[in-house]
Amino acid sequence: MDTSAYPNWEHQIRAVGECEEHPPCWFVRHLTLTYPHYHIISFDKLDYCATLNNTRILDGRTNFTFEQGDITLPADVKRVLRKHKVDTIFHFAAQSHVDLSFGNSYQFTNTNVYGTHVLLESSREHGITRFIHISTDEVYGDVPIGAADLSETSLLAPTNPYSASKAAAEMMVSAYRKSFKLPLITVRSNNVYGPHQFPEKIIPKFIMLLQRSSKLLVHGDGSPTRRYVYAGDIVDALDTIFHRGDIGQIYNIASKDEISNTEICHKLLDIFGLPHLTSGDLEMRVQYTEDRPFNDQRYATDGSKLAALGWKQKTDFDDGLRTTVDWYRRFGEVWWGDISRVLTSFPVVEGTEIWTKEEHEALPSDDEGRLEEFYGEQEAPWTTGALNHLQNMQGAAKREDSVH
Ligand SMILES: NC(=O)c1ccc[n+]([C@@H]2O[C@H](COP(=O)([O-])OP(=O)(O)OC[C@H]3O[C@@H](n4cnc5c(N)ncnc54)[C@H](O)[C@@H]3O)[C@@H](O)[C@H]2O)c1
């Protein structure tokens, strides 16, 4: 990207909820490495899905700082805004996994709605020049097969606790724009995929299941489709919106690649060189499980508003998928520590603890005590272990290289 168009920006940018998986960690790495004159502060609670491995490459960079904190705690937020004189916020932090929102919906409302409110109120008090709120195509709800793609002015009609919490957060954003003239932009993205994504989402989860020679666990009949954008393209889109977008606007990040869950199975089995063309082949590799309580058939958004700012999707789904598979084959088993429970159908998360559905059902019913215990924990317990494992692996790989 040509940076000469923005020569004098001295941003103290705070990317909230950046470390874990996706758009956040990719975008933080992009901003830090592309714009050395911006000071990037990554503020993240280090939730169950997060790992500092995703920004390890930035350690030692003078324009990068990591701050652990929780967006639902005003004191944490204000401390960081003041300490770093933050002038721009990218708000990614969320409970983002739809499956979990059916069982743990208070956590979704708390983080996604109340957390967003805390960020908005703290930004109002502190004063900022730009606040970019990351939302999702799911706020529009189900789009019937054959219906036209939805523009940014379409009605919001969320259908699950996750998407409802994201739509509610958008209402707070819109209110702060109207009431306090806060310089806000909202971004609604399609599904994101690529390296570094926590393997609870379908693509990395399926890759890791195949890597372990396990069956792919498909919810329902596998027919729902989603549109997918490669993480690198999301970074370009956010950079475009940041530097060229207009305050007060909403932008869809919309992909051309609409893929069903069954198609994902076929494509991955193909990349892994496993037969998948007969029903017998599929039975050996794919297991259909119960569906979500409700599952939107498809989302379909129109991206012409962002295209008018100059953004174009560059990564074709098949290419992006191959790159993603390569990454998970090398790092998927070590990046987050033990992911065995994450790879089961409908795992349950409490605090930073992950159970299989069966383990969770067998737990004692006194869940108040249990929840307190787990919510009290602040750290993802596997981060250090995963790093050690990774370093050992890299050491071993180097030794192997030097032998050959
Ligand atoms: N992944 C997708 O396909 C997708 C698609 C559209 C929109 N989005 C949106 O993009 C954003 C990022 O999504 P993701 O998939 O990377 O999410 P994720 O769940 O993988 O990561 C969320 C991050 O937020 C952090 N976090 C959670 N609660 C926090 C809190 N209270 N305080 C501070 N940090 C907290 C977590 O530690 C984690 O690093 C979300 O807002 C999501 O709604 C994601």
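Which residues are buried in α7?

A: This is a predicted model, in which local features need pLDDT of at least 70 and side-chain atom pairs count only at pLDDT 80 or more, while totals for chains, interfaces and linings use all residues. Residues are numbered from 1 along each chain as its sequence is written.

In α7, the buried residues are A231, D233, I234, V235, D236, A237, L238, I241 and F242. A residue is buried if 20 or more other C-beta atoms, placed from the backbone, lie within 10 Å of its own. Helices are DSSP runs of H or I with at least four residues, strands are runs of E with at least two, and both are numbered from the N terminus. With 14 residues, α7 reaches 20 Å from its first C-alpha to its last, close to the 20 Å expected at 1.5 Å a residue; the expected span is 1.5 Å times one less than the number of residues.

The largest nonpolar core has 79 residues, and F206 and I234 have the most contacts inside it. Helix α7 (residues 231-244) gives the most to this core, with seven residues. A second, separate core has 13 residues, including Y48, W335, V348 and V349. A nonpolar core is a set of buried Ala, Val, Leu, Ile, Met, Phe, Trp, Tyr and Cys residues joined through C-beta atoms within 7 Å. In soluble globular proteins, nonpolar side chains tend to be buried together.

As for the chain as a whole, it has 14 helices and 14 strands, and 45% of its 404 residues count as buried. Of the contacts in the chain with a separation of 6 or more, 82% are accounted for by residues 24 or more positions apart; two residues are in contact if their C-beta atoms, placed from the backbone, lie within 7 Å.

Elsewhere, the axes of helix α4 (residues 105-126) and helix α5 (residues 161-180) come within 9 Å and cross at roughly 15°. Axes are lines fitted to C-alpha atoms, for helices over the stretch in contact, and angles run from 0 to 180 degrees between N-to-C directions. The angle makes α4 roughly parallel to α5, a term for angles under 35 degrees. Residues making this contact include F108, N112 and L120 of α4 and Y162, M172 and Y176 of α5.

Terms used. A residue is buried if 20 or more other C-beta atoms lie within 10 Å of its own, exposed if 12 or fewer, and partly exposed in between; C-beta atoms are placed from the backbone. Angles under 35 degrees count as roughly parallel, over 145 as roughly antiparallel, 65 to 115 as roughly perpendicular and the rest as oblique.
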